[in-house]
Amino acid sequence: MMQNASGISLVKNIRSYVLYILLLLFTIISLFLISDRARFIFNTKDRIYTETLDRQSEFIRNEILTVSNFIYHYIEWNHNSRELFDYLRTIRYGEKNNGYIFVMSYDGTVLLNDIQKELQGENLWDLEDPNGLKVIQEERKIADNPDGDFLHYFWENPSTGKITPKVSFITGIPEMEWIIGTGVYLDSIEKETSWQVKHIYKNLIIQLAVFLFTMILIFLFIYKKFKNFTFSVSKDIYVINECFNKAEMDSEVFDISRIKYDEFSEIAYQANEMIIRQQRAEKEKRFSDLRLKLQSEQSPLAYVGWDLNNKIIEWNPAAEDMFGYTKEEALGQGIGLIIPDHERIGVEDLFYNLVKTDNRKKNINQNITKDGRIITCEWYNNNLIDSKGDALGIVAVGLDITRRLKSHEEIAQKNIELEKSLKEKNLLVREVHHRVKNNMAIISSLLSLQSSSIKNDYLQSLLQSSQNRIHSMAMVHEHIYRNENLHDVNVRVYITELVEYLMMNFGNIESQVSLNIDIADVNLDLDTLIPLGMMVNEIISNSFKYAFKVDELFELSVILRIMDEDRFYLYIADNGPGFNSKNESVREGAIGLKLIKGLVEQIDGRLKITAEDKTAYEIYF
Amino acid sequence: MKKIMVVEDEMIIAMSYTAELRNASFEVPKTVCTGEEAVKIFSVINPDLILMDITLKGKIDGIEAANQILKVKKVPLIFMTGNSDIETKNRALAINPAGYMNKPINLNKMIYKIKKLLI
């Protein structure tokens with residue numbers, strides 16, 4: 001995972017800035033609402049005027065009604081009008097305390113006007129305002145209205161001395177035939193309305209200023225923040241860009257600690273991983289290139305590169321040595337430079353197949369050297385492809401096997417000679433065995449001839465024994481001669497034949513012998529088989545000689561078993577009398593038993609003879 | 001008395017055969033060493049049985065000599081050979097002999113076979 005991350009998230013920052021923008025929108029909307037309120041106030045300027053007028057009118061009406069009630073009550077108990085006037089003269093109202101009560105008689109004489117004192121005592125019955133309204137007469141008309149009423153007319157404003165519109169509430173006091181009233185000057189109402197509007201203006205301006213100021217502050221805040229943000233992003237991008245440039249130029253990894261935002265750090269981290277992989281790949285490629293170059297330059301094998309037009313593009317020193325052309329001479333040359341005409345079609349087909357279908361192929365073909373020699377080369381051809389899998393050409397690595405082939409031919413010839421020699425040797429060995437066997441047959445025949453001229457049975461028996469011994473040996477040579485294998489003989493076949501021979505030789509006694517023969521199917525060499533054959537010959541000959549009786553069934557067992565890998569067990573027994581019989585001395589003293597003991601010793605064996613109800617020979621060897 | 005012709009180039013062996021045959025009451029008028037001589041003398045001796053060694057001195061072997069003899073007259077013939085390779089054996093059996101014995105010859109067995117053939 002990424003290391004040295006700053007812990008500041010670009011996404012979180014963007015989220016914050018969205019919040020700022022929302023705040024700005026909120027401010028704008030608020031401002032809009034305030035301005036909308038101001039516009040409402042401006043639109044109701046007339047309404048304020050009317051409201052003020054109504055309020056003032058209502059005020060003066062109440063004032064007059066209060067005063068009239070007071071007058072009614074007063075005159076009910078006291079008819080002194082002077083005291084009443086004194087009291088009415090003191091009545092003042094309004095913010096500037098300039099409101100007053102005026103009293104006139106029904107005939108239009110001013111009875112009380114404390115503000116315009118010069119009018120007191122004057123009859124104003126015919127007084128007209130600038131619009132021609134007979135003011136007093138209108139007031140007289142209203143005095144007859146028990147509820148009173150308002151009268152709009154022009155009158156000199158004592159505050160300004162100007163004739164201005166005025167509204168008064170008039171009522172009559174019939175008992176006194178008085179007209180009482182009070183009024184307000186409309187210019188003062190306009191003035192108050194203007195003041196109120198001005199006040200609202202002032203407030204609006206203040207609010208606007210506050211909002212503007214707040215907005216400016218928010219803007220500045222957001223601007224500052226956004227500027228910092230964009231600066232940081234730009235810086236990170238600059239760092240990454242710089243790192244990429246460095247990576248491209250120097251293959252250096254990025255310093256992630258210089259990057260502020262996690263997202264850019266992650267990008268940088270991944271880029272670093274990519275750079276590390278690229279560095280490793282470049283290192284391997286450099287190593288591979290170097291190795292290839294070294295192999296090519298130092299290899300005893302010829303490296304020949306071919307482009308797709310079968311022109312030579314690679315030619316190493318071994319190729320120079322092999323073909324005699326320098327690299328400068330070979331590069332750019334066609335296939336005919338080193339391929340003789342009779343091989344040309346085959347090699348062109350090979351190259352075509354390599355490029356189209358096969359990736360690699362080994363072939364052996366003849367080549368021609370600069371000095372015209374024809375050599376035989378073994379080529380390991382590989383298809384060259386780029387990273388997209390497009391074929392670029394072929395690289396053929398070749399070895400001059402001319403000498404090797406010659407050596408192979410020589411070795412093959414020698415092998416043939418050796419085989420011939422071995423056959424001759426085997427033939428000779430076989431012939432030796434043949435001759436040994438024949439010579440033994442001659443010796444046997446000599447003994448037979450000798451035997452035929454002797455009348456003494458004992459001497460004949462001795463000669464017959466010798467013949468049998470010779471025969472048992474001759475049979476081994478016979479088997480060797482007949483075998484494919486010249487080293488050993490199958491003991492089962494040999495002993496079976498030997499037993500049959502002995503039975504036949506003793507006088508065709510097969511019908512009187514119950515033979516139990518069980519010989520292991522194993523091969524033994526001559527050193528073992530000849531003594532073994534002679535032992536079997538002696539034991540069985542002795543059996544026939546001393547134990548066989550014409551009128552009894554003769555039981556003979558010959559068993560050979562394998563005890564373990566190299567050890568055997570031979571068991572030969574007959575049902576003849578044991579050594580404690582009358583023949584004991586004969587059998588004990590016979591040369592046969594001496595021979596048996598000697599032969600057992602020769603094959604490193606142990607002999608055990610038992611002679612109770614039957615005579616048994618057990619030999620472990 | 002039955003006449004037996006012995007064809008054997010090893011004279012000691014031939015003599016042992018002869019002695020054994022005579023002991024068994026057979027007449028052995030002639031022992032010859034070559035195939036050519038056997039073919040030549042066969043008509044003169046007119047034997048009842050021939051003991052024929054295969055490997056003989058001379059230009060023709062025992063099989064060829066037997067072949068020529070049997071063309072003249074069908075007579076029991078026993079091959080006795082120390083050269084017991086398959087090819088030789090097949091050649092010998094091809095002329096349908098009365099017997100085929102490998103050397104060393106068990107003389108008792110030989111006499112036993114001859115007696116069975118002639119008596």
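This briefing describes the fold, the core, the chain interface and the salt bridges of a predicted model. The model scores ipTM 0.72 and pTM 0.46. Chain A holds 15 helices and 17 strands, and 40% of its 621 residues are buried. Chain B has an average pLDDT of 90, with 99% of its residues scoring at least 70.

**Contacts within chain A**

- Among the contacts in chain A with a separation of 6 or more, 56% are between residues 24 or more positions apart.

**The largest nonpolar core**

- The largest nonpolar core contains 46 residues, and the members that touch the most others are A:Val491, A:Ile495, A:Leu532, A:Ile540 and A:Phe544.
- Helices and strands of chain A both contribute two or more residues to this core: the helices are helix 11 (457-482), helix 12 (491-505), helix 13 (526-547) and helix 15 (591-602), and the strands are strand 12 (513-519), strand 14 (554-562), strand 15 (568-574) and strand 17 (615-620).
- Helix 13 of chain A supplies the largest share of this core, with eleven residues.
- Beyond its neighbours within four places in sequence, A:Leu532 is in contact with A:Val491, A:Ile495, A:Leu524, A:Leu570 and A:Phe621.

- Strand 15 of chain A is mostly covered, seven of its seven residues being buried.
- In a regular strand, side chains alternate between the two faces of the sheet.

**The interface between chain B and chain A**

- The interface brings 20 residues of chain B into contact with 22 residues of chain A.
- About 1,700 Å² is buried between chain B and chain A, and 62% of it lies on carbon and sulfur atoms.
- Of the area that chain B buries against chain A, 30% comes from B:Ile12, B:Pro104 and B:Asn106, more than from any other three residues.
- The number of salt bridges between chain B and chain A is zero.

**Salt bridges**

- Over all chains, the whole structure has 21 salt bridges.
- A:Arg47 and A:Glu51 form a salt bridge whose closest N and O atoms are 2.5 Å apart. The two residues are separated by about one helical turn because they lie four residues apart in helix 2 (residues 45-77) of chain A.
- Both members of that pair are partly exposed: A:Arg47 has a relative accessibility of 36%, and A:Glu51 has a relative accessible area of 37%.
- A:Glu192 forms a salt bridge with A:Arg55, with the closest N and O atoms 3.0 Å apart. This pair links distant parts of the chain, 137 residues apart, with A:Glu192 in helix 5 (residues 186-250) of chain A and A:Arg55 in helix 2 of chain A.
- A:Glu192 is buried, with a relative accessible area of 18%, whereas A:Arg55 is partly exposed, with a relative accessible area of 43%.
- A:Arg92 forms a salt bridge with A:Asp114, the closest N and O atoms lying 2.5 Å apart. A:Arg92 is in the loop between helix 3 (81-90) and strand 1 (102-105) of chain A, and A:Asp114 is in the loop between strand 2 (110-113) and helix 4 (135-143) of chain A, so the pair ties together parts that are 22 residues apart in sequence.
- A:Arg92 is partly exposed, with a relative accessible area of 26%, while A:Asp114 is buried, at 12% relative accessibility.
- A:Arg92 and A:Asp114 also belong to a network of salt bridges that links them with A:Asp86 and A:Arg89.

Note on methods. Residues are numbered from 1 along each chain as its sequence is written. Chains are lettered from A and ligands numbered from 1 in the order in which they are written. This is a predicted model: local features need pLDDT of at least 70, side-chain atom pairs count only at pLDDT 80 or more; totals for chains, interfaces and linings use all residues. Side-chain values use heavy atoms; hydrogens and water are left out. A nonpolar core is a set of buried Ala, Val, Leu, Ile, Met, Phe, Trp, Tyr and Cys residues joined through side-chain atoms within 4.5 Å. Buried means under 20% relative accessible area, exposed over 50%, partly exposed in between (1.4 Å probe, protein chains only). Contact means heavy atoms within 4.5 Å. pLDDT is the predictor's confidence in each residue, from 0 to 100. Buried area is the accessible area (1.4 Å probe) that two parts lose on being put together, summed over both. A salt bridge is a side-chain nitrogen of Lys or Arg within 4 Å of a carboxyl oxygen of Asp or Glu.
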